[in-house]
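Welcome, and thank you for looking in. Please take a moment with the sequence and the 3D view below before reading on.

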Amino acid sequence: MSPEPTPPQESRWPGQLAAIDMGSNSFRLEIAQVPHGRYRRVDYLKETVRLGAGLDANGLLTEEAALRGLACLARFAQRLKGFAPGQVRAVATQTLREARNRDAFLARAQTVLGQPIEVISGREEARLIYAGVARLQPSSLPRLVIDIGGRSTEMILGHGRKPLRAESFRVGSVSLSLRYFGDGRLTEQAFRAAQVAAGAELEEALEPFAAVHWEEALGSSGTVGAVSQLLAASGITDGRITPEGLRWLMERCLQAGRVERLALPGLKEDRRAVIAGGIAILYTLAAHFGIESLQPARGALRQGVIFDLDERLQAAALEQDGHDIRDASVRELQRRFMVDTDQARRVASVAEALYEQVGPRAAPDARRELLWACALHEMGMMVSHHDHHRHSAYLLGHVDAPGFSQSQQRRVAELVLGQRGGLRKIEAALTQEAFAWQVLCLRLAIIKCHARGEVRTDALALRRSGATARLDFGADWAATHPRTLHLLHEEAEAWSRGGVLRLVLRG
């Protein structure tokens, strides 16, 4: 039997895990336990924040919207008091993928929440949504899972717990409602225009998500749940979403004429302004993909985040990195970009030994990010040997890698960019002391392994004293490795010119 996941720091709530979903319409906090793989909800909080409605014409998040989000996160932080960092994972979706000033908002948000916030890609969001649905509503049938959010729609084909195809499309209930129903009028012309716009965005999905690929369709999260409740409350269906039910809802909207006059049993006030856009997307999906019945799903993004966090903690407890989906993503990237895995292994063994000497109490993911950088530092060789570190960093920062957030991919890509050459290109990141030590260990490991042969991981010893790194090695080793010694002297000079650390060689 697998051990229960143990958070890395002392916790007042052992065994509990928390997920924060910072969506475009609502922020949600879910707290749960997963004893032996069984899900048990402890608490659930939801607030309508309308972050997605706060993006202006220039793609900037307005201060008003930012303050709504920060106020909500402050309340979530109160509920999370006593949780260790390893028990909480906060993810942000389409609005913060789009917002040009997202870094400024995230800096404030992380301070208020007291936890890191990860911006995840659309495909990673889709993968996590499917994980939540598949675990809470298991089935042996091939299935289509749809999640309509405020500014994006995720579509996933899967079988059992395995997602076979996952995509994200930039159309959601908030964005479509603002564009076509923003004046408050509910007209036939507006519904037609909204459906054309949704269809244009979803057109590339017509073949890969066609009805021949699945036998049941499920809808996750807010829009599907809200429309299901409207149909059930009026006795139109038992909660299933059908083309006939959607046409009935559109007729009710047209009869009302205006958003503020729309009165339907089960319609919550916080959903009123965005329901028309959601109905338009659902009708487009039903018509284009042959969906005769869409069942509301039990799981959603937040449950998928908790299951994913539980798996990470289980892998850490077992000290088996390969059980984390991020490790599988790294192996797949090595295969796809034909990385020299022997060299990657040598660099990782040296970097890990050095990092253990200077960062024994580092956060678990800090060590893992360093090892992922070692594994992928040469992936850019497939593009060109010249400046391969820049190609590697670009590829790593932009490729889809299941399990990774955009934020974490950027950090690993920044490490990879700093693997060689001058340090000025990463000087902003080097202001973070923890990052500087990661970069130093990676660069020293690459120098140690430059001959691409087997190496002794104990030949170099790294000591940390404030901002000074002392690299010790024996005189005999130095005498037999003159080229490596030459490169180490150049490395010390590079840090003296542009680093926050000082590297001292002691042979």
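Helices (H or I, at least four residues) and strands (E, at least two) are DSSP runs, numbered from the N terminus. This is a predicted model, in which local features need pLDDT of at least 70 and side-chain atom pairs count only at pLDDT 80 or more, while totals for chains, interfaces and linings use all residues. Residues are numbered from 1 along each chain as its sequence is written, and side-chain values use heavy atoms, with hydrogens and water left out.

Let us begin with strand 1 (16-22). Its seven residues are all buried, where buried means under 20% relative accessible area, exposed over 50%, and partly exposed in between (1.4 Å probe, protein chains only). Gln 16, Ala 18, Ile 20 and Met 22 point one way from the strand, and Leu 17, Ala 19 and Asp 21 point the other way.

Which strands pair with strand 1, and in which sense? Two strands pair if DSSP finds at least two bridges between them. Strand 2 pairs with strand 1 in the antiparallel sense over seven bridges, and Leu 17 stands opposite Ala 32 there. Strand 4 (residues 88-92) pairs with strand 1 in the parallel sense over five bridges, with Met 22 opposite Ala 92.

A hairpin of three residues joins strand 1 to strand 2. Asn 25 is found in the loop between these two strands. Is Asn 25 buried or exposed? Asn 25 is buried, with a relative accessible area of 7%. Contact means heavy atoms within 4.5 Å, and leaving aside residues up to four places away in sequence, Asn 25 touches Glu 47, Thr 48, Val 49, Arg 50, Gly 150, Val 174, Arg 271 and Val 274.

Five strands form an open sheet with mixed pairing, in the order 8-7-6-9-10. Strand 8 (162-169) and strand 10 (295-296) are the edge strands, each pairing on one side only. Strand 10 pairs with strand 9 (residues 216-220) in the parallel sense over two bridges, and Leu 218 stands opposite Gln 295.

Helix 7 (residues 221-233) lies across strand 6 (142-148), strand 9 and strand 10, and runs at about 105 degrees to strand 9. Axes here are lines fitted to C-alpha atoms, for helices over the stretch in contact, and angles run from 0 to 180 degrees between N-to-C directions.

Two kinds of space come next. On a 1 Å grid over the protein atoms alone, a cavity is a set of points where a 1.4 Å probe fits but cannot get out, and a pocket is an open set with protein on both sides within 12 Å along at least five of seven lines; lining residues have an atom within 4 Å of a point. Grid points are joined across faces, edges and corners, and a volume is the space filled by probe spheres set on the points.

The structure holds four cavities of 30 Å³ or more. Of the 25 residues lining the largest cavity, Arg 28, Asp 147, Gly 149, Gly 150 and Ser 221 are the closest to its centre. Strand 2, helix 4, strand 6, helix 7 and helix 11 each supply at least two residues of this lining.

For the second largest pocket, Arg 127, Lys 162, Pro 163, Ile 325 and Pro 402 lie nearest the centre. Helix 4 (122-136), strand 8 and helix 11 are the elements that give two or more residues to its lining.

| Space | Volume | Element giving the most lining residues |
|---|---|---|
| Largest cavity | about 230 Å³ | Helix 7, three residues |
| Second largest pocket | about 710 Å³ | Helix 4, seven residues |

Helix 11 (residues 301-318) has 18 residues and reaches 26 Å from its first C-alpha to its last, close to the expected 26 Å. The expected span of a helix is 1.5 Å times one less than its number of residues. Helix 11 is mostly covered, with 14 of its 18 residues buried.

Helix 19 (residues 482-498) has 17 residues and reaches 25 Å, close to the 24 Å expected. Its buried residues are Thr 484, Leu 485, Leu 488, Glu 491, Ala 492, Ala 494 and Trp 495. What covers them includes helix 17 (433-448), strand 12 (468-472), helix 18 (475-480) and strand 13 (502-506).

Finally, Gly 380 is found in the loop between helix 14 (364-376) and helix 15 (388-398). Gly 380 is buried at 0% relative accessibility. Not counting residues up to four places away in sequence, Gly 380 touches His 388, His 391, Ser 392 and Leu 395.
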